[in-house]
Each structure stands twice: as structure tokens, then as C-alpha cells.
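Dear colleague,

Here is the structure that I promised to hand over, and I would be glad if you looked through it before reading on. My notes on what was found follow directly after it.

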Amino acid sequence: MKKPDPRVMLLLAACVSTMGVLIETTWLLASVFAFTVLLVSAMGAKLTMLVKRLKGFLWIVLFIALMESVFRPEGAALINIGTVNLVTAGGLLRGANTMLRIATVVASAAVFTLTTSRGMIQGLIQLKIPYEFAFMSSVALRFLPVFSEEFRDTVTAVQLRGVDIKRIPLREKLKIYTSILSPVVYGAVDKAQKLSCAMELRAFRAYPKRTSRFTLKLGAADYVYMAVMPVLTAAVLCYYYILL
Amino acid sequence: MTALELQDVSFSYDGKHKILDGINLRLPEGSVTAISGKSGCGKSTLAMIACGVIPKAVLQGKLTGRVLVFGEDISGKEIYETADKISMVFQDPESQLFAPAVVDEVAFAPENLCFDGETIAERIDAALSTVGMQDFKDYPPNKLSGGQQQLVALASILSLEPKIILLDEVAAQVDSQGVALLQDAVRALKAQGKTVLIIEHGRVFEPLCDRKYEMREGRLYNAEGDSCEKR
Amino acid sequence: MRKAISLERVSFGYKKTAFHIDDLSLDFYCGETAVLTGRNGSGKTTLSKLMIGILKPDKGDIFIDGSNIKKHSLAQNAKSAGYLFQNPERQLFCNTVLEEIIFSLRQTGLDEPAARIRAEELLKQFSMEDKAASYPLKLSGGEKQRLALLTVLAMEPKYYILDEPSSGIDRDNKQILTDMLNRLKAAGAGLCIITHDEELIESLADRKISMEKGRVVRDEKA
């Protein structure tokens, strides 16, 4: 399959997220998830990368699922401490739904790996989003790994000064992490100023509009996706609300 | 013709200590000039004033005197209004490059100037050829060496086709290989008749320059050691 | 000469790139200044990070002062060997220059008042006393480099690993830095300096090690 247009990717993410948020039935959610995985793989995203991403979210998802299960109990109690129902059948199902929801959104986001941030910006611009917003998000994306690297390096630097972060008490740990934020934030602001200057020196904002070195053109497959996906989404939601 | 002229330029951040004190400088079109000096002597400040970064982007401080680009006073103009005449490359590539690929980086400037796709493509090719980076079009800038990143930063302003190019300590964080690449790029700019002003403490570009100045405590001194103050 | 850092049959590879170090054995000595050179990507910084324990080898052992670094945390290893990042901004995180030095000194066991006095002495010794109250990240490039080195020096390690210490700094600051390093040398410390700077190599190197694609291709006395 040819790589889809970035606008199609945005549409896919929007449709899938909508279904994920609105549907509460476990088997339907699971089907949406499975369909998303199949579609995204067919579009070209690697399955191994997808699994890796999902693994990265596993602990958060399990935690949220557990919280859902504990704090919104429903139905037969499965595990209880005295009179407190810790895990209930209904709660467990709710937790499973949350897991599937998040997994579906993560899977749909994997499709964005098929394009570059420049492609995404072009997609947003051709969807009439003001280019300043599109650029801001792309620059943020570009610098997030830099900030995370800086943070990690500074944590290493603290350890290199003889502070065993893993062994110190929590209060000290928090104090250290807070003080590390200061140079990272300072660095971020400094970079932002320098970058905005560099951009103006390249005539950014010279005119209210800007042109592009390439334009996205929708292919036949893209039109098919754009026709089919909203219809499919509407059909699934109708089925869910009316028949279930 | 005089490409860049600074007339009696003085600048201070706090109103007391003068970073620049009565600078008079004239760069003829097509010349390659170096300004050297210790760190903190004011040479980078001079470059930032020449292209309008001070006072337009850096808002603190008091600037007096005039900056003329091809005879026109730039004080009333925004940085982006004069960018196609005078532009600058800084020391740190990380704060100048933000696009996912080299070609996107170099396309940024002509896109801002609303050129059509064909013109943009031509300018990209010309800029990358000048710096010798045509083979790296699709590379992500962060995977390049320091010297190569600086070349991309240079190409990304060359696509504006500015007549005056300021290079502020561009070789400071670059290894000897990168320095050689940058020297080649400056030679190419010279051959194209561009006016180049190089700020550096390292004297790496000196062999390529027509004229040399030294900055000491906010004042410019020419090769003979004479102060370039207004007489 | 006493061995400061020893790498024995060390292998290492990054997950996402083809670069790897295979079966490398190398010794570094106290009292000796070794200079590590090589192109970008040859493995110099990787080697330096393995030496101090920032990166862990896939195979082989690394010893600092005779002790296997696997047995200790990074913080403990750093008490025997000091490390200077290429980018000094990544190792400065206190609110003032003085606090940066005090932070290091406190880790050596000094109490606050003693640390403060010693910190002021150190700043004076290295001509930075007028910057004591400054915000570290607002210093010039050369000053940040000197401060970063001082924070390492304050911990009095026996061995120093320095990654491109003269990168981006002007002549004057480079001279001050070279003097500082010469002082350390004279006091008997061992140094491993990653650099391309010919002047620095000329004035400090006892031994030159060249790397290429993760291998040591030359190791000779300077």
C-alpha cells in the first residue's frame, strides 16, 4: 500500500480516537483496536515498532486500569478486604476498556511515523491551520528529545559529583530533581530566543503567508480512505448506540 | 560600493559600561573582512547590531549611531525585512537548525519569501552547491557533524541570496575537518562576490580575508593598530 | 606508574547504530597525561563514558583504582575519577558559582562553613572570585568550562577524564585552562583528554592514543 497523505493520517487518528472515547463495550473496543493495528500495518508502519510503543505504555495503562477497577467498582466482588471491594468484575472490565482505549490511540498514532514533521506541517497548513501553530508543534517535537537528553545528562552530572540519587531519601531526591529543572528550563528559554532570532534572520514572518517547496496531493487510495473511514466510524457508532 | 556601514555606533546594556564605543566601519561590496578579539570584547554584539538583531530581537540596551545596508538606514526595519540583504550564522548549530531534513532547513527561507516551488528548488540547489552539501539533502541535521551542521546553517541563509553574510564564531565548536569545509565555503562566497564579515577569536579565516580588524574594549583597530574612531 | 583506570577486553555497542567497540584492553596511569584523538564517531566519547561508568560495557571489565566499577554506583566511582562533559552547561545546576563548588566540596565530607571557605579559596586560586555570586549559566563559554573543571577539581579525584575541554573557548581562556591542567599534572594527577586542539596536545600530552571506528589504531609516547 502506498503511504497515506498526512491529512489522511490525521483523519484516521481522529476517527479511531472518537470511537475509542465513545464506545464502552469491550468486544467492540477490542475489534476497533485490532482493526486499527491491521490498517496501520497495512499502511506501512512496522509491527515491531508498534509493539515497542505499546510496551512503553504498558505500566501506565495497567496502573490506570487498576485505579478504574478499584475506584469505580461494579458487579460481583472478586477480591475484597473486609467490607471494601478491591477488585470487582465490572471494575475489571472497565479497566480492560481503558487499556484498549489507550492502546487504540497509541496504535493509530503509529501511522505518523510514516511521515516527517515537515509532512505533518504541510498537512496541517493545507487543512488551513495557521502555519505559526504548525511550526510551533514541529519545533517543540524537535527539541523534546534535546531537553530530555539534557535532563538525563544533568542527572548523570549530579551523580558524578558523588550524589547517589538512588540511595538518598525522597526529600533530598525531590530537591535535586527540582534544582536540575532550573538549568534545563534556562537552556530551553535560551534556545527559544536564539532559534526565533535565527528564524527571523531567514525572513520568518516577512509576509502573512508563506509558500511551500512541495504540496501534498491526494492519491486514489487517499480518497478511498477519506470516504471510507468517516462512514465506517459513523456506522460503528450507530451500531453501538442504536443496536447495543 | 559600500555594502555595510556602521556610523559612530555605540551600545551599552546598562547605560554605563559601553560594549561598543564609537564604531566606524565600512565594508566595500565583495570584500571579506575579519574582526578578531577576546571573548567579551564586543565583536558579536557588533555583528548583531549590523543585521538588526540588536535592538529588534534583543530588546535591552541603548544603541546610538547608524547602520546602513547598501546606503539604507535599517533602524526602522524589522529583521525579516532586511534578511534578504544581510543575514547571519551563529556559533551553535543546535539553536539554528530545527527542520527534520537538510532540504527542509534550506527551503525555509525562500518559503518565507513566498517564492514558487520551482524557484525554491533552484535556490536550494544553489545554496547546497555553494557549501558542498548537495549529497546530504535528505539527512536529518542532527546526524551530521558539527562542521556539516554549520554548513547547513550557512546554506539555509544563502537560499535568501543575501548580499552580506555575517559569520559569528562559526568555527568555534568545530573540529579541523569541519574548519576546512567552512574555509572552502567562504572561498566560494568570495568567488560569488558576496560581502562577508567574519567574527572569530581563532584566526582560522584570516588567510581568506582582505582586511582585518581587532576589537579591544569596544573599539575597532585596523591592521596598523590605528583606532577606527571618527576623527 | 600506578594504574588509574584499566579496561579489560571491553566490548560495547549502541542499540540503534552500527558502531561498536570490540574486545578493547587499555590502561591509563596516574601521573600521565594521555590525549585521545580521532574523527567524529571514532568512539572517543564512548570510551570516556565507559571509563567512568556512565555507559556499561556489554562484555569485559573496567577497573578504577583496582576496583571493578560494576561493584559500585556511578557516584562512588566518581570519587576516584572526575569527568568533564564536552558541554559544561550540562554539569552546572546550582544557583551561583560559589554554590557549585560548595556542592562538590560537601560530597567530600566537609561541613557547610568549611566548604564555603575552601570554595572561596579555590575561586580565588583560579581567578574566578569576582564571579562567585553569578548565575553559572550566564558566564561566558570559557568561564563555564573553567567552573565545570573546578567543580570536578574540588572533589580531588586522582584521575581526570576531560571531553574536549578547549572547545569553543578563546585564546585567553584556553591559556588559563592549560595552566590549570598543568597544575593538576604537577600535583601527580592522571589525565585523559579528548581533544583535536593541537596547542593543547603540544603543551600537555605524554601519550597519544588515536581511535578509529571503535578501535585503538595508535598508542605511543608523545
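Where chain B touches chain C, the contact takes 10 residues from chain B and 12 residues from chain C. When the chain B side of this contact is sorted by class, there are one nonpolar, seven polar and two charged residues. Please keep in mind while reading that this is a predicted model, and that its scores are ipTM 0.91 and pTM 0.82. For chain C, the average pLDDT is 91, and 100% of the residues score at least 70.

The contact between chain B and chain A draws on 33 residues from chain B and 24 residues from chain A. On the chain B side, the elements that give two or more residues are helix 3 (79–82), strand 6 (86–89), helix 4 (102–112), helix 5 (117–131) and helix 6 (146–158). Of these, helix 4 of chain B gives the most, with six residues. By class, the side of chain B that touches chain A has 22 nonpolar residues, along with six polar and five charged ones.

Turning to chain B by itself, you will find seven helices and 10 strands in it. The radius of gyration of chain B is 17 Å, close to the 17 Å that the globule rule gives for 231 residues, and chain B is therefore as compact as a globular protein of that length. Along its principal axes, the C-alpha trace of chain B spans about 50 × 35 × 35 Å. Buried residues make up 53% of the 231 residues in chain B, and, of the contacts in chain B with a separation of 6 or more, 70% are between residues 24 or more positions apart.

Which residues touch the most other members of the largest nonpolar core? In this core of 88 residues, they are B:Ala47, B:Ala50, B:Cys51, B:Leu154 and B:Ala155, while the element that gives the most to the core is helix 6 of chain B, with seven residues. Apart from this core lies another one, of 70 residues, and among them are C:Ile102, C:Leu150, C:Leu177 and C:Met211. To return to B:Cys51, if its neighbours within four places in sequence are left aside, this residue is in contact with A:Leu201, B:Ile79, B:Ile86, B:Ser87, B:Met88 and B:Leu166.

A few details of the backbone also deserve a careful look. The peptide bond from B:Ile54 to B:Pro55 is cis, with omega near 10°, and B:Pro55 has its place in helix 2 (residues 53–56) of chain B. B:Glu169, a residue other than glycine, has a positive phi, near 55°, and lies in the loop between strand 7 (164–168) and helix 7 (176–191) of chain B. C:Ser127 likewise has a positive phi near 55° without being glycine, and its loop runs between helix 4 (112–125) and helix 5 (141–153) of chain C.

Are these two residues buried or exposed? B:Glu169 is buried, because 23 other C-beta atoms lie within 10 Å, whereas C:Ser127 is partly exposed, with 13 other C-beta atoms within 10 Å.

Finally, chain A is divided into domain 1 (6–115 + 214–243) and domain 2 (130–200). The centres of domain 1 of chain A and domain 2 of chain A, taken over C-alpha atoms, are separated by 32 Å.

With best wishes

Key. Residues numbered from 1 in each chain as written. Chains lettered and ligands numbered in written order. Predicted model: local features only at pLDDT ≥ 70, side-chain atom pairs only at ≥ 80, totals over all residues. Contact = placed C-beta atoms within 7 Å. Helix = DSSP H or I, 4+ residues; strand = E, 2+ residues; numbered from the N terminus. Nonpolar A, V, L, I, M, F, W, Y, C, P; charged D, E, K, R; others polar. Rg over C-alpha atoms; globule rule 2.2 N^0.38 Å. Buried ≥ 20, exposed ≤ 12 C-beta atoms within 10 Å, placed from the backbone. Domains from an automatic or database assignment. pLDDT = per-residue confidence, 0-100. Core = buried A, V, L, I, M, F, W, Y, C linked by C-beta atoms within 7 Å.
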